[in-house]
Amino acid sequence: MSFRETYGREPDGVWRAPGRVNLIGEHTDYNDGFVLPFALSQGVTVAAARRDDGVFALRSLQSSSAAEVSDPVPGSVDGWAAYAVGVAWSLREAGHAVGGASLLIDADLPQGAGLSSSAALECAVAVALCDLYDVTVPEPELARIAQRAENDFVGVPCGIMDQSASLLCTDGHALLLDCRSGLSAQVPLDLTGLTVLVIDTRAEHELVDGGYADRRTACEKAAELLGLPSLRDVTDLGEALSRLGDPVLRRRTRHVVTENHRVEAAVGLLRAGAVGEVGALLTASHLSLRDQFEVSWPEADVAVEEAVRAGARGARMVGGGFGGSVIALVSSDRAARVREAVTEAYTKRGWPEPHFLDAVPSAGATRLA
Ligand code: GLA
């Protein structure tokens, strides 16, 4: 199904935005902390043309459902189309005059695999609409607009990491983002001789489920009890823990505070060219997400364990948790062995075979044609 076959004309342009993996810094973004994602080469492509009738028409090569919306307001659309239409709504809410458009969406990124297919869709649509209507928005602000679409139009309380990664990342780099100030830096990520293997555990995750929102609330509660604007502001972890009576809040706090430290340590290692040494931090991050933040899932734990046993430098779950993907940092000559070991462990348990892809640090959203 080409654009011409769908809409009877050629598109005005084609735009693409990538998915992401987060090297480290999980569940820190909505705590005003630090994250270190990089963009994948896989992503979402949007072919688009302006329309004068104000309508947003949407089709996707991955779905049989279509949508036509003339008045994008929250609640008017659901399913995948809400992520796209929500961006038009959010751009307008931010005062940007974007009109209607015909959009044809294609993706080579698995959905529900924790690789930010939603943010990739939002960001591809955001750059397309901005270009179609000659609207110039600095990327950090466009990331907030896309995040708002997801928060207030779709109703998912995500943080700012995924949209920032999709828009701001550059080839060969990870993005160090301070989620409080919004300031970011490109950190060289030279993977020569190393592979970041993505293991899609095939357990689908949904941020709309309660677990994610529940973690956010717990973090806010802990910060409030500590009299701090956010958990980012904890300077003495031991002292903070001694003031929190609830063991659950203590565990959540311990994760967020130590995870921010791990991001800083990882950045130091990357800047020193010691990329392989980041592996130990990845595994430490996973254990903290499993035991302190309690957002891991059995397939992820097995993938991490088997990957490390088979010689990975380190491994961890990525994204919100409760399903999705694991990344393993592996010497490239051991990648096949890690894949085999994880697959074998899954087969033994009667789980669906995991899917694998190589995560190559790639560029953020761009116009293709
Ligand atoms: C999801 C959210 C992000 C972030 C991660 C956890 O991917 O969309 O904003 O909170 O979970 O680090």
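Good morning. I begin with strand S11, where both faces are covered: Ser325, Ile327, Leu329 and Ser331 are buried on one side, and Val326, Ala328 and Val330 are buried on the other. In a regular strand, side chains alternate between the two faces of the sheet. Please bear in mind throughout that the model is predicted.

How many of the residues of S11 are buried? Seven of the seven, in the stretch 325–331, are buried, and the strand is therefore largely enclosed by the rest of the structure. Buried here means under 20% relative accessible area.

Let me turn to the strands that pair with S11. Strand S9, residues 194–200, runs antiparallel to S11 and is joined to it by seven bridges. Within this pairing, Asp200 has Ser325 of S11 as its bridge partner. Strand S10, residues 314–317, also pairs with S11 in the antiparallel sense, over four bridges. There, Ala315 has Ala328 as its bridge partner in S11.

I now move to another part of the fold. In what order do the six strands of the open sheet lie? The order is S5-S4-S6-S3-S1-S13, and the pairing is mixed. Strand S5, at 67–69, and strand S13, at 366–367, stand at the edges with a single partner strand each, so one side of each is left without a neighbour in the sheet. Inside this order, S3 and S1 are listed side by side. Strand S1 covers residues 13–22 and strand S3 covers residues 37–51, and the two pair in the antiparallel sense over nine bridges. As one instance, Arg20 has Ala39 in S3 as its bridge partner.

Finally, the protein as a whole. It has eleven helices and 13 strands. Its C-alpha trace spans about 60 × 50 × 40 Å along the principal axes. A compact globule of 369 residues would have a radius of gyration near 21 Å, and the 20 Å of this protein agrees with that.

Of the 369 residues, 59% are buried. Among contacts with a separation of 6 or more, 73% involve residues 24 or more positions apart. The accessible surface comes to about 14500 Å², and carbon and sulfur atoms account for 47% of it. As for charge, there are 33 positive and 50 negative charges, and their mean positions are 4 Å apart.

Conventions: Residues are numbered from 1 along each chain as its sequence is written. This is a predicted model: local features need pLDDT of at least 70, side-chain atom pairs count only at pLDDT 80 or more; totals for chains, interfaces and linings use all residues. Side-chain values use heavy atoms; hydrogens and water are left out. The radius of gyration is taken over C-alpha atoms; the globule rule is 2.2 Å times the number of residues to the power 0.38. Buried means under 20% relative accessible area, exposed over 50%, partly exposed in between (1.4 Å probe, protein chains only). Contact means heavy atoms within 4.5 Å. Accessible areas come from the Shrake-Rupley method with a 1.4 Å probe; for residues, only the protein chains shown count as cover. Lys and Arg count as positive and Asp and Glu as negative; His and the chain ends are not counted. The place of a charge is taken as NZ of Lys, CZ of Arg, CG of Asp or CD of Glu. Two strands pair if DSSP finds at least two bridges between them.
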